[in-house]
Amino acid sequence: MTQQVKEKFTPMVDLENREKIISEKIRQDEQFRFRLQVLTTRLFASWVADVIGFGTAEKASYIDQVIDADFAEPGFDDVLTKVYGDLLSAGIEIKDEELRMKLDEIKTHARNEMMVLEAEK
């Protein structure tokens, strides 16, 4: 192949490489968001279990239940609905905005924790 012919194919190769890089970045971002969602849910459920006063075994089971509930819908609304109901059932009154603020606080903590772990890789 002549140099001139090779040069004609270079943009296509660059485009394919770029597509691969973009696809990999999208995959990594989706994977990060999923891990962040699970970690946030786990930490939030742990906090709720402590507020309710669950023992170690109950707490572990409760965390699993909340994580399972998290897969019902995208986002955290399903988690908030479950947790709010569980707190009320335990006789603990808390405002919706207080729960959301705590969830945001935990999400920020989880994101920071994951960023540190990612940086260590």
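Guide: Just after helix α3, for example, Gly91 takes a positive phi of about 80°. This is a predicted model, in which local features need pLDDT of at least 70, side-chain atom pairs count only at pLDDT 80 or more, and totals for chains, interfaces and linings use all residues. Residues are numbered from 1 along each chain as its sequence is written, and side-chain values use heavy atoms, with hydrogens and water left out.

Visitor: How many helices and strands are there in the protein?

Guide: The protein has four helices and zero strands. Read from the N terminus on, the order of elements is α-α-α-α.

Visitor: How is the span of a helix judged?

Guide: The expected span is 1.5 Å times one less than the number of residues in the helix. Helix α3, with 13 residues, reaches 18 Å from its first C-alpha to its last, close to the 18 Å expected.

Visitor: What share of the 121 residues counts as buried?

Guide: A residue is buried under 20% relative accessible area, exposed over 50% and partly exposed in between (1.4 Å probe, protein chains only). Of the 121 residues, 25% count as buried. In α3, the buried residues are Asp78, Val79, Leu80, Val83 and Leu87. In α4, they are Leu99, Leu103, Ile106, Ala110 and Met114.

Visitor: Is Gly53 buried or exposed?

Guide: Gly53, which lies in the loop between α1 and α2, is exposed because its relative accessible area is 53%. Its C-alpha atom is separated by 9.3 Å from that of Ala90, 37 residues apart along the chain.

Visitor: Which residues have the most contacts inside the largest nonpolar core?

Guide: A nonpolar core is a set of buried Ala, Val, Leu, Ile, Met, Phe, Trp, Tyr and Cys residues joined through side-chain atoms within 4.5 Å. The largest has 17 residues, and those with the most contacts inside it are Phe44, Val48, Tyr62, Val66, Val83, Leu87 and Leu99. Helices α1, α2 (56-70), α3 and α4 (96-120) each supply at least two residues of this core. A second, separate core of five residues includes Phe32, Leu39, Ala110 and Met114.

Visitor: With which residues is Leu87 in contact, leaving aside its neighbours within four places in sequence?

Guide: Contact means heavy atoms within 4.5 Å. With those neighbours left aside, Leu87 touches Val48, Val51, Ile52, Ile92, Ile94 and Leu99. By the same exclusion, Arg42 is in contact with Ile63 and Ile67. Arg42 is found in helix α1 and counts as partly exposed, at 37% relative accessibility. Arg42 and Ala110 are 68 residues apart in sequence, while their C-alpha atoms are 9.8 Å apart in space. Of the contacts in the protein with a separation of 6 or more, 62% come from residues 24 or more positions apart.

Visitor: How many aromatic pairs does the structure hold?

Guide: Rings of Phe, Tyr and Trp (its six-membered ring) pair if their centres lie within 6.5 Å; planes under 30 degrees apart count as stacked, over 60 as edge-to-face and the rest as tilted. The structure holds three such pairs. One of them, Phe44 with Trp47, is stacked, at 5.9 Å centre to centre and 20° between the planes. An α-helix has 3.6 residues a turn, so residues three or four places apart point the same way. Phe44 and Trp47 both lie in helix α1, three residues apart, about one turn of the helix.

Visitor: Why is the pair of Phe54 and Tyr62 tilted?

Guide: The pair is tilted because the planes of Phe54 and Tyr62 stand at 55°, with the ring centres 5.3 Å apart. Phe54 counts as partly exposed, at 28% relative accessibility, whereas Tyr62 is buried, at 4%.
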